[in-house]
Amino acid sequence: MMLPLILCRERLERIQRILARKGGELPVRDFARTFSVWDWEIEQAAALGWVEIETRKPRTGRPSRVVRSVSKPEAAKLPPFRREIEKEISGRHWNFAFHSVYSAIRGGCSTIFCIQPYTDAYLRAFPAARSRRAAAASMSRLLRRPDVKAARAWFYSKVRQEVPQAERMPDTASGIWSRLREFGIWSAGPRITVVRQ
């Protein structure tokens, strides 16, 4: 899963510092080559009103895009800080949540104290674990993570058929909880129901 491409305030400040050093103007190409500031970051800064992108067409050669700082950005909006941007659920955490739900259901486990199915799920998601004891300790920490709790709630809702099977799971924990609320499902956490086959 890819992280969302969202400009954070720290990267906006970096763009502004670079422009201040370069006299308030720099080609987009130089941002990427010299400073590792990418096109999507500059475009989001322009959409928020902090910089302007101008396309210059010379008589010969290809056109170039130039970024200029805005002298008085009165209506500009500040992007969120990096810590405020919610990260997507990692593939391994998603995998652990999936296996922990289905292992617990198959094993007839209705409480969190059924350690064996959860440990087995951890070993499937993280095959490099060195021992079962270490896996059990890591598994208990993972079960407390907000993103894993949200993913587990989603999978339990799928098992109980409260969520349509074709529905795609959102990429973030807040997205999962808001989608479950839209379906009218209790959002405080997963209600474990044992389904015997």
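## Helix H6

Let's start with helix H6, residues 132–143, in this predicted model. With 12 residues at 1.5 Å each, H6 should span 16 Å, and the end C-alpha atoms agree, being 16 Å apart.

Which residues of H6 are buried? They are Ala135, Ser138, Met139, Leu142 and Leu143. Looking down the axis of H6, the buried residues fall within an arc of 135°, so they line one face of the helix. As background, an α-helix has 3.6 residues a turn, so residues three or four places apart point the same way.

## Aromatic pairs

There are 5 aromatic pairs in the structure. One of them is Phe96 with Tyr122, an edge-to-face pair with 6.1 Å centre to centre and 70° between the planes. Phe96 sits in helix H4 (residues 91–106) and Tyr122 in helix H5 (residues 115–125), so to speak linking distant parts of the chain, 26 residues apart. Both Phe96 and Tyr122 are buried.

Then there's Phe98 and Phe155: with ring centres 5.4 Å apart and planes at 80°, this pair is edge-to-face. Because Phe98 is in helix H4 and Phe155 in helix H7, the pair ties together parts 57 residues apart in sequence. Phe98 counts as partly exposed at 29% relative accessibility, while Phe155 is buried at 6% relative accessible area. Ring pairs also bring in Trp94, making a cluster of Trp94, Phe98 and Phe155.

## Arginines over Phe81

Phe81 has the charged end of Arg9 over its ring, 4.0 Å from the centre. Arg83 lies over the face of Phe81 too, at 4.7 Å from the ring centre.

## A buried loop residue

Thr172 is in the loop between helix H7 (146–159) and helix H8 (173–182). Is Thr172 buried or exposed? At 18% relative accessibility, Thr172 counts as buried. Leaving out residues up to four places away in sequence, Thr172 touches Glu86, Lys87, Glu88 and Ile89.

Conventions: Residues numbered from 1 in each chain as written. Predicted model: local features only at pLDDT ≥ 70, side-chain atom pairs only at ≥ 80, totals over all residues. Heavy atoms only, no water. Helix = DSSP H or I, 4+ residues; strand = E, 2+ residues; numbered from the N terminus. Expected span 1.5 Å × (residues − 1). Buried < 20%, exposed > 50% of the residue type's maximum accessible area, 1.4 Å probe, protein only. Arc of directions from axis to C-beta. Contact = heavy atoms within 4.5 Å. Phe/Tyr/Trp six-rings, centres within 6.5 Å; stacked < 30°, edge-to-face > 60°. Lys NZ or Arg CZ within 6 Å of the ring centre and 35° of its normal.
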